Amino acid sequence: MKAAVVFDPATGPVYADFPRPGADASHRLIQVQAAAISHVVKSRAAGTHYSFNTTQPFIAGIDGVGLTQQGERVWFVMPPAPWGSMAEWTLVPPEHCLPLPEALSSVDAAAMGNPGMSAWAALVNRAGFQAGETVLINGATGSAGQLAVQIARHLGAKKIIASGRNPAALAHCGADVSLLTGADDLAAQLAEQAAAQIDVVIDYLWGDSALQILTALAKHTPSTRPVRYVQVGSLSGADISLPGAVLRAAPIQLMGSGIGSLSMAELVSATAQMFQAAIPGRLTIATTPCPLSNVAAAWAADDSKKRTVFTLA
């Protein structure tokens, strides 16, 4: 079969032949229709993600949309190595498959699966978000952050604060308040928002912006009500130098959300809830569909503004 095969993590996947998997008693054979690039997919293909644990060659991709042998259209996640989602066929444990709403296209579902899982799990499973709370989405200008804003709105957020580096994307992300990271007055703006009580932070960036947010929360949070800070991604930097006094000065609960901090069963359940909300909540995500045969060029050109989705006949 044809697949996006990683022979060398330093060079990325190429369109190549790979042995077709055979069905077995513990896995469903899936005929893949669509699979999207995400940050976790790219870092696993590069061998740098903390969950990466396979040898070369392997097929890129951790989730997608396809048909079971019974003809049911499903979203699936985490095929066992060396299989991946970016191939004509893959194998997936039955418990890692979800039926999809008929009104949701395969391209949109593939694009929405990973970031929707991430946002829903961070807000609901990790932060314990409640309707009427105030949420700050740090990194709201990428496709994942924009979807997180929509999910927070659907879940009943009282106020949504969006921070990011792209002014145009901030203006159109649907938040109530926009903060431009790197702005000269960012510290003052964060202080104002923290003083009005931020309940939950979903952070896709880490790095300097995370330190600025945590510092503002420590100095200006007005009550003893916990601020739940959920670290999801590290697009602006893998490390920060966090003074211990920041965590002593305010009721900040610092936690992560991802593979390992949540079980796969919890992540799949979060994704199922997100897909059930997709149509009534009018969740949308910008996509760039592309045939899998163009994987090498599309991989190099991918950015976070739209979700690149590989399609298969």
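Asn114 touches Ser38, Val40, Ile62, Asp63 and Arg307, not counting residues up to four places away in sequence; contact here means heavy atoms within 4.5 Å. This is a predicted model, in which local features need pLDDT of at least 70 and side-chain atom pairs count only at pLDDT 80 or more, while totals for chains, interfaces and linings use all residues. Residues are numbered from 1 along each chain as its sequence is written, and side-chain values use heavy atoms, with hydrogens and water left out.

Asn114 lies in helix α2. Helices (H or I, at least four residues) and strands (E, at least two) are DSSP runs, numbered from the N terminus. With a relative accessible area of 16%, Asn114 is buried. Buried means under 20% relative accessible area, exposed over 50%, and partly exposed in between (1.4 Å probe, protein chains only).

The largest nonpolar core has 76 residues, and those with the most contacts inside it are Met86, Met112, Ile137, Ile202, Phe275, Trp299 and Phe310. Helix α2 (residues 106-126) gives the most to this core, with ten residues. A nonpolar core is a set of buried Ala, Val, Leu, Ile, Met, Phe, Trp, Tyr and Cys residues joined through side-chain atoms within 4.5 Å. Leaving aside neighbours within four places in sequence, Met112 is in contact with Leu104, Met117, Leu147, Met274, Phe275, Ala278, Leu283, Thr284 and Ile285. A second, separate core of 21 residues includes Leu186, Ala210, Ala216 and Tyr229.

Helix α6 comes next. The 14 residues of α6 (residues 207-220) should span 20 Å at 1.5 Å a residue, and the end C-alpha atoms are 20 Å apart, which agrees; the expected span is 1.5 Å times one less than the number of residues. The buried residues of α6 are Gly207, Ser209, Ala210, Ile213, Leu214, Ala216, Leu217 and Ala218. They pack against β9 (134-138), α5 (186-195), β12 (200-203), β13 (227-231), α7 (244-248) and β14 (252-256).

Three strands form an open sheet in the order β2-β1-β4, with antiparallel pairing. The edge strands, β2 (14-17) and β4 (58-59), each pair on one side only. Two strands pair if DSSP finds at least two bridges between them. Strand β1 (residues 2-6) and β4 pair in the antiparallel sense over two bridges, and the bridge partner of Val6 in β4 is Phe58.

The structure holds five salt bridges, each a side-chain nitrogen of Lys or Arg within 4 Å of a carboxyl oxygen of Asp or Glu. In one of the five, the side chains of Asp302 and Lys42 meet at 3.5 Å, N to O. Asp302 lies in the loop between α9 (295-301) and β16 (307-311) and Lys42 in helix α1 (residues 39-45), so the pair ties together parts that are 260 residues apart in sequence. Asp302 counts as buried at 17% relative accessibility, whereas Lys42 is partly exposed at 24%.

Arg225 forms a salt bridge with Asp199, the closest N and O atoms being 2.9 Å apart. Since Arg225 lies in the loop between α6 and β13 and Asp199 in the loop between α5 and β12, this pair ties together parts that are 26 residues apart in sequence. Arg225 is partly exposed, with a relative accessible area of 43%, and Asp199 is buried, with 2%.
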